[in-house]
Amino acid sequence: MDLTISIIVGFMIFGALYAIHARDLLSSVIACGLVGYSLVICFLLLKAPDLAIVQIVVDTITLIIMVAVVLDSSREESYLKLDTQGYISAVTAIFLGLLLLYFYTVSIQSLDVLGKSSLRMAKHYIEGAAQKTGSANLVTGVVFDFRGYDTMGEAVVLVTAVLGVLTILRLRGKK
Amino acid sequence: MKGMTLIVKKTTQLIAGMIFMYGIYVIVHGHLTPGGGFAGGVVIAGSLILITLSNGGDFMKLIKEESGTTIIESLATILVILVAVSGFIFGTKIFFNNFLPKGIVGHLVSAGVLPLYNIFVGTEVAASIFIIFLSLIIFKEESKE
């Protein structure tokens with residue numbers, strides 16, 4: 001299974017790189033879709049069907065909206081020539097990337113293999129969760145019972161985002 | 001915005017109802033099978049977006065629909081907080097207290113207040129995703145004039 005996930009992650013990296021360098025913006029959007037749908041297969045292989053359902057639906061709707069935006073505006077990407085500020089930004093980005101890679105290799109040695117062990121807190125959640133919450137689906141039990149505050153915060157964040165979108169996009173307002 | 005051809009219109013009118021029902025199924029069975037409020041709400045919003053894209057803006061009477069979804073979305077969020085607060089009133093004084101009887105694990109009516117949270121969060125997510133899409137369409141229509 002590790003080999004399969006490695007191949008899929010390779011596909012995702014290829015799609016992300018192609019999305020940056022594509023000349024046509026429509027094919028760039030489709031390459032972004034490649035990243036999202038590969039992530040869905042990764043979630044399914046790692047035994048997280050709840051996340052896979054949410055990811056596949058949200059990815060489809062986002063792709064529809066992005067394709068509509070690209071078809072409505074231009075399909076050509078506007079190229080800019082690199083000046084001194086561009087070179088400085090590129091060097092800074094490469095330096096930060098190397099720094100992150102170094103700290104990642106340091107911190108990966110003290111972590112366990114993905115999915116092989118569970119935290120002490122998670123053990124208390126898993127033991128007898130069906131009797132405590134009464135729900136057969138453990139994820140719903142955790143999301144709405146043990147971690148109810150988080151879910152309420154997510155719902156309020158979504159409402160606030162919609163209010164912001166309406167504030168920006170409504171030109172005329174209500175009569 | 002204009003709609004698509006007659007074949008696309010008829011096909012989406014046949015399919016969108018089934019997608020809507022599937023979203024309701026995912027929400028209602030959220031405490032038994034994978035899925036839940038967020039996933040089912042996005043599926044419902046997807047069916048509404050599908051029928052709006054294929055039939056054009058005139059089919060849904062866009063201006064009325066937008067004010068309707070705003071009210072539904074705000075009401076759903078208030079209901080989530082109300083159910084959470086009602087844990088204060090019944091039993092021990094804990095926010096998000098699961099005060100209803102738990103029932104048998106695996107039945108459709110079980111798990112206390114968790115199905116209510118699923119239904120409210122699903123309504124809220126469907127309304128907010130659809131309202132973002134509608135405001136984008138209305139912005140395009142208005143900026144054209």
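The stops below lead from a pair of packed helices to a loop residue and then to a helix in another chain of this predicted model.

Begin by selecting residues 2-21 of chain A, which form helix α1, together with residues 25-45 of chain A, which form helix α2; these two helices pack at an angle of about 160°, and their axes lie 8 Å apart. Because that angle is over 145 degrees, α1(A) runs roughly antiparallel to α2(A), and the crossing of the two is left-handed.

Next, show the side chains where the two helices meet: on the α1(A) side the contact includes A:Ile5, A:Ile8, A:Phe11, A:Met12 and A:Tyr18, while on the α2(A) side A:Ala31, A:Leu34, A:Val35, A:Leu39 and A:Leu45 are among the residues involved. If you colour this contact by residue class, 16 of its residues are nonpolar, five are polar and none is charged.

Now move to A:Lys47, in the loop between α2 and α3 (49-72) of chain A. Its phi is near 65°, a positive value in a residue other than glycine, and A:Lys47 counts as exposed because its relative accessibility is 72%.

Finally, select residues 37-55 of chain B, helix α2, where the 19 residues should span 27 Å at 1.5 Å a residue, in agreement with the 27 Å between the end C-alpha atoms. Of these 19 residues, 14 are buried, so α2(B) is largely enclosed by the rest of the structure.

Conventions: Residues numbered from 1 in each chain as written. Chains lettered and ligands numbered in written order. Predicted model: local features only at pLDDT ≥ 70, side-chain atom pairs only at ≥ 80, totals over all residues. Heavy atoms only, no water. Axes fitted to C-alpha atoms, helices over the stretch in contact; angles between N-to-C directions. Helix = DSSP H or I, 4+ residues; strand = E, 2+ residues; numbered from the N terminus. Parallel < 35°, antiparallel > 145°, perpendicular 65-115°, else oblique. Left-handed = near helix turned anticlockwise from the far one by under 90°. Contact = heavy atoms within 4.5 Å. Nonpolar A, V, L, I, M, F, W, Y, C, P; charged D, E, K, R; others polar. Expected span 1.5 Å × (residues − 1). Buried < 20%, exposed > 50% of the residue type's maximum accessible area, 1.4 Å probe, protein only.
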